[in-house]
Amino acid sequence: MDIGLHKFIETLFYHPLFKSIMISTVTLNAIFLALETDYKVRKESNFFLEVTDLIILAVYTTEFLMSVYLDPVKYWQDGYKRFDFIVLLIAYLPHTIDRNNPETHQTATLLKGFQALRVLKLIYYSPGMRVTLRQTVKNVIYVLVLLFLLMLIFAILGHGLYGDPTYGDYKNWGTLAAAFFTLFSLVTVDGWTDLQDELDDLHFVSSRTFTIVFILLGFFVFFNMFIAVVIMDIQEYDQKLKAERRANLIAKKQIILKRQQEEVNELLAQQKTTEYQTFDEMVEEFKKTLLHTDPVILEDFCCSLPFIDLYLLSLDRQDATIYKYSILHFVTLHS
């Protein structure tokens, strides 16, 4: 492996400008995919859209090759990057199919639709989004499993109560699949009144209690639980991010304070062995080596060199004032 080339690609790959280019590319890809849904735009700008799609695909391929070259083992160990590779592979498939052929046109259109998955690359370039998504998906799965168990219980119960082929509502409750679809309509509160009217027409007395109990559990409890899980995960990540930023800020302050304390100690040590006559001369000479961009921690300002210089200058002026007062007192007494 060429170490120089590897170092150059690594520097280029992790440069903020490269990240900005990739985010801009994904954003433009999403815009062009949205434009292609308009038949008129797709027909009039077909060549332009094809060229832009090839350019964007080339950028994605370059990013893939650079990532694999830098660390191939780590690349294939990352689940998200494996998913990204599959999406990239799907993006090449429409170019291997004749879209003018009526027999393969539907397949090409379907594969073209899967290219919308490329927008998910934004998740990779947003670490906060990745962490939040990973934590949220795990907790949401638990809620969905509980909701599925609830729907399974009510589906079996509803099939037994209202799924009779002769006297029941066989269309909505006759099979387990139909019962699940009906309960999905109830849990989303979409058209539940129409479903209840059909049960009322068949004179099922317990149907209203059944519907109300399931909507209370499925919609008001589990649906709001789902929202609460997402909000709590986002808030937890936000608090963790703030704590990390605060810790980094404190660490930087400690480094600056430590460096300033070392500079002061060095000055005090040099005072004993230096050729300067006074401490002021040494400070003035040292000030020539300072830059205006040197940071100063205001909360510990007494440890900074500008404060020491100002303090010593104030003492000099105080001594000069006292000396003038003593001379004035002497002249007053002997005049």
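Modeller: Happy to! A residue is called buried when its relative accessible area is under 20%, exposed when over 50%, and partly exposed in between (1.4 Å probe, protein chains only). By that rule, 28% of the chain's 335 residues are buried. This is a predicted model, in which local features need pLDDT of at least 70, side-chain atom pairs count only at pLDDT 80 or more, and totals for chains, interfaces and linings use all residues. Residues are numbered from 1 along each chain as its sequence is written, and side-chain values use heavy atoms, leaving out hydrogens and water.

The chain has 15 helices and zero strands; both are DSSP runs, numbered from the N terminus, with helices (H or I) of at least four residues and strands (E) of at least two.

Now to helix α12, which spans residues 192–201 and has Leu 195, Gln 196 and Leu 199 as its buried residues. These three sit on the same side of α12, because they cover an arc of only 95° around the axis, taken from the directions from the helix axis to the C-beta atoms. Just after α12 comes His 203, with a positive phi of about 65°.

In the model, residues 47–70 are 100% helix, with end C-alpha atoms 35 Å apart. Residues 140–161 are also 100% helix, and their end C-alpha atoms lie 31 Å apart.
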